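Let us walk through this structure step by step. Keep the sequence and the 3D view side by side.

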Amino acid sequence: MADFVQLWVYLSSTPLFGLTATLVVYVIAQAFYGRMGQAAWANPVLWSVVVLALGLTLTGTAYPTYFSGAQFIHFLLGPAVVALAWPLWQRRVVLRARWGRFCLASLAGGAAAALSATALAWLLGLPHDVLLSLAPKSVTAPVAMGVAEKLGGIPALAAVFAVLTGMVGALSGKYLFDLLRIGRDATGWMARGFALGTAAHGIGAARALQVNADAGAWAALALGLQVVFASVLIPLVARLL
Amino acid sequence: MQALRGITWLLLLQSLGEVLSRGLHLPLPGPVVGMLLLLLALRWPLVHENVRPVAEFLLQHLSLLFVPVGVGVMTHMAILSQYGVRIAIVIVLSTWISLAVTALVLRALMRNAAEPDGGGNASAPPAVTEEARHG
């Protein structure tokens, strides 16, 4: 028993642990998601986060210890943002023909997200630094952190808000779109995918990709546009206010 | 080998983006500049061929990449338990508002676009106008 405890203490303190735990839990969560017919509530990010956070809390493992391993996955967010050029390139013909419309929808959705978040946070009397960390919540986590830092918010908190936003979008998007009578034809999938990528960044885009390949591509396009617009416009608007 | 070259391109462009972003004090973060650089570089077959498999792999598993940050929720339990309900209201409502605004605006714009606007090319999916089913 003592040997086992010693072994656990050793293992849990190496980067190997955080990395392996993340992958194992995610692979299982993904399989579960598939089993459940990709039901929105079975979202693999949501359950991976819940299981890992619970596991770390119960075993008394500190987040930095976990992150020393998980950072290798986290690091890939940077190259993934660069890789977003790929879906944009794939859709370059449509994009060139309709770029004004896509930009307009992206700006409208991004403005709605940032303005409604800050307005609601202000109305509810949330502290200033929390409010500033909520402003970029619809942008993908690494970019949200950078924007929050520029605004004077808390980058780590902004990343958490971005992830929560992504989960809300991925979980509830389908029902909201049905309520709004957004169809499931070509235009409908475009609107659904593009909205998920705009409002719920990478997690929303991942969900769109799983549901419909076309919606996924539009979501990736929206994500790319949103990243460019938000990182330029949110700090600019904040400075003007 | 292709995958290795692909990830090398991604990292190279991200680094270049980081240098440009910091050096020129651009408002865009490094990876975003890298994305724009890649968009320009993709017309070059050498980049195109190599980046494709890596980009598709990364984007296919994009949601995994958010797990480490997501687990970070546990370190902010103090703020979250103090303001949790209010933060939840803000996040849920503003996400719904943004989803609805984006989807409705894009659908309205694309319906108008069903009439030819000059540039509609072969690979563009037809902007099928949904039959009038709104009540």
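Two residues are in contact if their C-beta atoms, placed from the backbone, lie within 7 Å. By that rule, and not counting residues up to four places away in sequence, A85(A) touches M35(B), L38(B), L39(B) and L42(B).

This is a predicted model: local features need pLDDT of at least 70, side-chain atom pairs count only at pLDDT 80 or more, and totals for chains, interfaces and linings use all residues. Residues are numbered from 1 along each chain as its sequence is written, while chains are lettered from A and ligands numbered from 1 in the order in which they are written.

Turn to A70(A). A70(A) sits in helix α4 (residues 63-74) of chain A; helices are DSSP runs (H or I, at least four residues), numbered from the N terminus. A70(A) is buried, because 25 other C-beta atoms lie within 10 Å; the cut-off for buried is 20 or more, with C-beta atoms placed from the backbone. Leaving aside neighbours within four places in sequence, A70(A) is in contact with G18(A), L19(A), T22(A) and P68(B).

Now take a pair of helices. Helix α2 (residues 15-35) and helix α3 (residues 44-59), both of chain A, pack at an angle of about 135°, with their axes 9 Å apart. Axes are lines fitted to C-alpha atoms over the stretch in contact, and angles run from 0 to 180 degrees between N-to-C directions. Residues of α2(A), including A21(A) and Y33(A), meet residues of α3(A), among them P44(A) and W47(A).

Terms used
Helices (H or I, at least four residues) and strands (E, at least two) are DSSP runs, numbered from the N terminus. A residue is buried if 20 or more other C-beta atoms lie within 10 Å of its own, exposed if 12 or fewer, and partly exposed in between; C-beta atoms are placed from the backbone.
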